[in-house]
Amino acid sequence: MNDSLSIPHLILNASLVVQLVMLLLIVGSIASWAVIFQRGFVLRRARKAHRTFEDRFWSGVDLNELYREIPAEQEVHGAEHLFRAGFREFNRLLPKTRSSQAILDGVQRAMRVAWSREEERLNLHLTFLATVASASPYIGLFGTVWGIMGSFMGLSMAQQATLSTVAPWIAEALIATAMGLFAAIPAVIFYNRLSAQASRLLGQYEDFAEEFHSILHRNLQGRDERDAA
């Protein structure tokens, strides 16, 4: 009796459909943990890079010097990406037009595109976690319903129905629900956590873009005042 109710025994002796449901849930759980660890590493590295760049940016370094420190062929991320995109557009438009507003609009558009790419990078694969979190309980429930249907069909053909004969069938059906929750609970917890971390970082990038835009605006105002004098 104990052996027949052990989890490995129940899984191995479950119906093919229930076994496929369990396999799908196991694969989804493993994949979601891989995404959790990978996204956690990316976000930790992004937070560290943001702090490092902001310390350098607000250290009083000349913006042209800071821009030259970033290799053109290097793929950069975060606030550094926004800075390079905005300052490159600033340098491109500055000799072409005397309109400060046109220059600032171009800088803002360039940084908005860079911010959108950062949003896509930070939220990469998080929709998969949301899918696992929302779908796993229903997949597990499908396995449970299928297993219970099979148990009732088996009961209809049994001469005598006792607890010892019904228990293994019900237990194997409920394992599917348990596995669905096992896959869904970590996915929903870490989806909320990682999404909140990504949102905070994106908010910091947006704040940096606004501050950088203000710095360029003051520089252009100073140029216009010198030209007017």
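Gly-147 is found in helix α6, residues 126-157, in a predicted model. Helices here are DSSP runs of H or I with at least four residues, strands are runs of E with at least two, and both are numbered from the N terminus. Residues are numbered from 1 along each chain as its sequence is written. Local features need pLDDT of at least 70, side-chain atom pairs count only at pLDDT 80 or more, totals for chains, interfaces and linings use all residues, and side-chain values use heavy atoms, with hydrogens and water left out.

- Gly-147 is buried, with a relative accessible area of 5%; buried means under 20%, exposed over 50%, and partly exposed in between, using a 1.4 Å probe and protein chains only.
- Leaving aside neighbours within four places in sequence, Gly-147 is in contact with Val-18 and Ala-173, where contact means heavy atoms within 4.5 Å.
- The C-alpha atoms of Gly-147 and Ile-170 are 7.2 Å apart in space, and the two residues are 23 apart in sequence.
- Ser-29, in helix α2, also counts as buried, at 6% relative accessibility.
- Ser-29 touches Phe-182 and Ala-183, not counting residues up to four places away in sequence.

**Overall make-up**

- The protein has 7 helices and 0 strands.
- Of its 229 residues, 38% count as buried.
- Among contacts between residues at least 6 apart in sequence, 81% join residues at least 24 apart.
- The accessible surface comes to about 13500 Å², and 61% of that belongs to carbon and sulfur atoms; areas come from the Shrake-Rupley method with a 1.4 Å probe, and for residues only the protein chains shown count as cover.

**Salt bridges**

- There are 4 salt bridges, each defined as a side-chain nitrogen of Lys or Arg within 4 Å of a carboxyl oxygen of Asp or Glu.
- Arg-56, Glu-65 and Glu-69 are linked in a network of salt bridges.
- In the Arg-56 to Glu-65 bridge, the closest N and O atoms are 3.7 Å apart; in the bridge from Glu-69 to Arg-56, they are 2.3 Å apart.
- Glu-69 lies in helix α3 (residues 63-69) and Arg-56 in helix α2, so this pair ties together parts that are 13 residues apart in sequence.
- Arg-56 is partly exposed at 32% relative accessibility, as are Glu-65 at 37% and Glu-69 at 40%.
- Arg-92 and Glu-89 meet in a salt bridge of 2.6 Å, N to O; being 3 residues apart in helix α4, they are separated by about one helical turn.
- Arg-92 counts as partly exposed at 40% relative accessibility, whereas Glu-89 counts as buried at 17%.

**Largest pocket**

- The largest pocket holds about 250 Å³ of space. Of its 15 lining residues, the closest to the centre are Arg-45, Ala-46, Ala-49, His-77 and Arg-121.
- A pocket is an open set of points on a 1 Å grid over the protein atoms alone, where a 1.4 Å probe fits, with protein on both sides within 12 Å along at least five of seven lines; lining residues have an atom within 4 Å of a point.
- Grid points are joined across faces, edges and corners, and the volume is the space filled by probe spheres set on the points.
- Helices α2 and α4 (78-93) each supply at least two lining residues, and α2 gives the largest share, 6 residues.

**Surface patch**

- Leu-16, Leu-20, Leu-23 and Val-27 make a nonpolar surface patch of about 400 Å².
- Patch residues have over 30% relative accessible area and no salt bridge; like charges are joined within 9 Å, and nonpolar side chains (Val, Leu, Ile, Met, Phe, Trp, Tyr) within 5 Å.
- Leu-20 is in helix α2 (residues 16-57).
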